[in-house]
Amino acid sequence: MDAKMINRNIETLVNDTLNDTPVTVIQGARQVGKSTLALMVSKHRKCMHVTLDSDIALTAAKENPYEFVSQFPEGLLIIDEIQRCPDLLKAIKLSVDENRKPGRFLITGSANILNLRKSNESLAGRAESIILQPFSVGEKNGIKESFITTLMQENMLSSFRDMAAYSRMQYSELIESGGYPEAQNRTDKRRKAYFKNYITRVLDHDANELSGLAHLELLKKLYIMLAGNPSQIYVRANVSRIMAIPESSMNGYMRLLEDLCLLHFLPAWGKNYSKRALSRPKIVLSDTGLVCSLHNITGSFLAKIENGNQLGSLLETLVISEIIKQRSWSETDYTLYHYRDSDNKEVDLIIELDNGKLVALEIKAASSFSQKDLSGLKLLKELLGNRFLCGLLLYTGKDVTPLGERLYAVPISTIWQ
């Protein structure tokens with residue numbers, strides 16, 4: 001697999017945005033392929049490309065931001081790693097206010113650019129932000145996934161039955177490889193070395209550039225601790241106690257990890273439907289390959305272990321992160337939540353569609369299931385009534401099986417085919 005030749009499913013959206021919006025912002029974690037994507041969409045456009053990773057370009061940008069953004073008025077100016085000079089955002093805003101022609105700027109940043117501590121420019125009405133995630137499984141296989149759209153079709157079960165089921169070893173290999181382009185096709189040893197250098201660069205160097213938080217040396221320890229359970233309910237007091245970080249400071253550290261695109265927050269669902277529903281969010285780390293590297297987990301180990309808890313947490317992380325990725329190109333808009341109540345009933349992922357219907361997903365590492373595994377799905381079906389489109393038990397088995405009205409067991413692999 002040549003990672004540089006893999007088509008990105010989000011490319012169409014970037015082109016559409018360039019055609020009708022003055023500023024297109026591609027955000028995402030460092031080394032997920034933002035610069036490569038920018039170059040791909042610029043092939044058929046008149047453009048100039050500069051990167052602020054160059055000290056010469058960075059110095060010029062800092063000395064005269066407005067002149068810097070005005071250097072290529074005849075076409076598209078691509079500016080990589082703009083988080084290194086947040087003052088450029090104000091200059092871009094002023095330039096766009098003078099000329100609102102679409103497709104003037106394509107900027108990339110290895111962070112949530114508009115949350116930078118040195119930036120107070122929202123570019124509201126002038127820019128559209130697009131989040132680029134690591135490779136999806138479909139992208140690595142040359143497929144533009146449409147899982148959510150398939151769920152809304154009457155022939156959903158037939159479509160799922162036509163899809164290939166994966167083995168436990170195939171799931172384990174997907175988890176270990178993750179989606180970072182540079183980590184693909186590496187041996188275990190070289191992948192581990194890559195991620196070691198990567199996490200040092202991001203959490204030691206980039207975080208210091210982006211944040212004014214005190215004691216940033218704790219950030220790496222915090223992330224490694226979270227990676228021990230990469231899909232979990234976030235209880236701030238517990239994390240504060242484990243890390244010896246004041247609870248009042250936790251929000252800053254967690255927000256920084258989110259701004260660095262290293263984790264996602266899933267809000268809780270259900271307060272309007274059940275007094276027992278809890279309101280704590282779930283945190284999901286963005287890449288299973290990075291998680292495995294941090295904790296010395298290999299695919300061969302995951303395929304052999306009898307205790308499914310570790311594999312289960314990583315599979316849940318994989319599934320949720322894949323559905324987050326697909327949201328960028330899905331024909332159907334949707335919002336993601338999780339559910340847990342005071343009786344410990346839970347649903348791993350709730351998908352609220354743009355038509356108001358909801359889909360509930362329960363994710364299991366086992367290749368078989370019991371009625372107990374359906375308890376959360378059945379509860380949600382009862383709470384939602386007609387709003388409940390369907391509930392899926394995603395598992396590592398190979399059969400697509402109806403489990404009752406609007407409830408089905410489906411192989412996990414169906415989400416990326």
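1. Lys364 and Asp373 form a salt bridge, with their closest N and O atoms 3.8 Å apart; the term denotes a side-chain nitrogen of Lys or Arg within 4 Å of a carboxyl oxygen of Asp or Glu. Lys364 counts as partly exposed, at 24% relative accessibility. On this scale, buried means under 20% relative accessible area, exposed over 50%, and partly exposed in between (1.4 Å probe, protein chains only).

2. The model is predicted: local features need pLDDT of at least 70 and side-chain atom pairs count only at pLDDT 80 or more, while totals for chains, interfaces and linings use all residues. Residues are numbered from 1 along each chain as its sequence is written, and side-chain values use heavy atoms, with hydrogens and water left out.

3. The structure holds 21 salt bridges. One of them pairs Arg276 with Asp343, the closest N and O atoms being 3.2 Å apart. Arg276 lies in the loop between β7 (263-266) and β8 (282-285) and Asp343 in the loop between β9 (334-340) and β10 (346-353), so the pair ties together parts that are 67 residues apart in sequence. Helices (H or I, at least four residues) and strands (E, at least two) are DSSP runs, numbered from the N terminus. Arg276 is partly exposed at 46% relative accessibility, and Asp343 is partly exposed at 45%.

4. A further salt bridge joins the side chains of Glu346 and Arg340 (2.8 Å, N to O). Glu346 is partly exposed, at 29% relative accessibility, as is Arg340, at 26%.

5. Which residues have the most contacts inside the largest nonpolar core? They are Tyr180, Leu257, Leu262, Ile323, Ile351 and Leu392, in a core of 94 residues. A nonpolar core is a set of buried Ala, Val, Leu, Ile, Met, Phe, Trp, Tyr and Cys residues joined through side-chain atoms within 4.5 Å. Apart from this core lies another, of 23 residues, among them Ala57, Phe68, Val69 and Ile79.

6. Leaving aside neighbours within four places in sequence, Leu257 is in contact (heavy atoms within 4.5 Å) with residues including Leu203, Leu219, Tyr223 and Leu262.
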